[in-house]
Amino acid sequence: MSSPLTFQPVLERIAAEIESTPGRGRPADYIPALAACDPRRFGMAVAELDGTVYGVGDWRQPFSTQSITKVFTLALDLAREADELWEHVGREPSGNPFNSLVQLEYENGIPRNPFINAGALVVTDRLHTRTGDAAGTLLDFLRAESGNDGLAADEGVAASETANGDRNAALGHFMASYGNIDNPVPVLLDQYFRQCAIEASCADLALAAGFLARHGVRADGSRLLTRSQAKQVNAVMLTCGTYDAAGDFAYRVGLPGKSGVGGGIIAVVPGRCTLCVWSPGLDQRGNSVAGVAALDRFTTLTGLSVF
């Protein structure tokens, strides 16, 4: 791909192909506030290292970020405590659903990776201990990196998740019994649900993830992560970022990526650009059907991948 100006026609071609694709999956129905989303909505954005953004479809429509936020809390905590974090959460794919309790017992309360729910709870807990407000710290970071001061959590979604959060509460209490949670579990859950309920658009998230393509450097030129730490986050995204479908995602897309059950997926081309795609219809593993297909087409059409 010789020129960044070719991004826009590529996105338009992808959007046209997606529009003519039949099955789009189903929205996340276990979170009532998300169940009413139209699965045929579609947006996609690409942000270059200098902040130039290209987009198509609903690329400026805010949506519920959900598990995409796990990437940012991981980076924010890693920046504060470095390798100490990895004593409390692993870096291996789980092979189990994102909200599974199964592995925790025989692995002594240490979650497999930061992107399953148990691992994300640990990361949020540790960030909250270090900042006093994990969700607020995350929101400030997303506002700064995206340049959108209007980003906020959807209180209705947060309340919906709280009312349906028994599994996450069980994960939190179970890990607390092993001494792997610092804060009271109700406090942690409030922080976690507020974090997941943040709404942002494809443009916002593509810009906010830019530090991972810039090897740890934020939009203002300051460094959040060392180059090595940025590599670590990207590596865990590649191997663990799409629940128990990470192998298939790496096979099809060939980029570090992180999905959320709101229908969004962010992806990183280190040294070149970041992407975000949104379409609320999910497959059985919780990943956007149209989103994965669009990223597959992007890497095929542009030749941009890590392989």
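**Note on a predicted chain: overall form and selected loop residues**

1. At 17% relative accessibility, tryptophan 59 counts as buried (buried means under 20% relative accessible area, exposed over 50%, and partly exposed in between, with a 1.4 Å probe and protein chains only). Tryptophan 59 sits in the loop between β2 (53-57) and β3 (63-64). Helices (H or I, at least four residues) and strands (E, at least two) are DSSP runs, numbered from the N terminus.

2. The model is predicted, so local features need pLDDT of at least 70 and side-chain atom pairs count only at pLDDT 80 or more, while totals for chains, interfaces and linings use all residues. Residues are numbered from 1 along each chain as its sequence is written, and side-chain values use heavy atoms, with hydrogens and water left out.

3. What does tryptophan 59 contact, leaving aside neighbours within four places in sequence? The partners of tryptophan 59 are Gly43, Met44, Ala45, Val53, Tyr54, Ser201, Cys202 and Ala203; contact means heavy atoms within 4.5 Å. Tryptophan 59 and tryptophan 278 are 219 residues apart in sequence, with 7.7 Å from C-alpha to C-alpha.

4. For the whole chain, there are 14 helices and eight strands. A compact globule of 307 residues would have a radius of gyration near 19 Å, and the 18 Å of this chain agrees with that. The radius is taken over C-alpha atoms, and the globule rule is 2.2 Å times the number of residues to the power 0.38. Along the principal axes, the C-alpha atoms fill a box of roughly 55 × 40 × 35 Å.

5. Of the 307 residues, 57% count as buried. Among contacts between residues at least 6 apart in sequence, 70% join residues at least 24 apart. The accessible surface comes to about 11,700 Å², and 50% of it belongs to carbon and sulfur atoms. Accessible areas come from the Shrake-Rupley method with a 1.4 Å probe; for residues, only the protein chains shown count as cover.

6. Isoleucine 31 is found in the loop between α1 (7-19) and α2 (32-35). Its relative accessible area is 4%, so isoleucine 31 is buried. Not counting residues up to four places away in sequence, isoleucine 31 touches Gln66, Ser160, Glu161 and Val261. The C-alpha atoms of isoleucine 31 and valine 157 are separated by 7.8 Å, though the two residues are 126 apart along the chain.

7. Valine 261, one of the residues touched by isoleucine 31, lies in the loop between β6 (257-259) and β7 (264-269). Valine 261 has 5% relative accessibility and therefore counts as buried. From valine 261 to aspartate 283, 22 residues apart along the chain, the C-alpha separation is 9.8 Å.

8. Where is asparagine 183 found? Asparagine 183 is in the loop between α8 (166-177) and α9 (185-196), and it counts as buried because its relative accessibility is 17%. Beyond residues up to four places away in sequence, asparagine 183 touches Asp125, His128 and Thr129. The side chains of asparagine 183 and aspartate 125 make a polar contact at 2.7 Å. A polar contact is a pair of N or O atoms within 3.5 Å; within protein, one must be able to donate a hydrogen and the other to accept it, and residues adjacent in sequence count only if both atoms are side-chain atoms.

9. Two backbone angles deserve a check. Asparagine 108, in the loop between α4 (102-106) and α5 (117-131), has phi near 55 degrees, a positive value in a residue other than glycine. Histidine 215 has phi near 60 degrees, also positive in a residue other than glycine.
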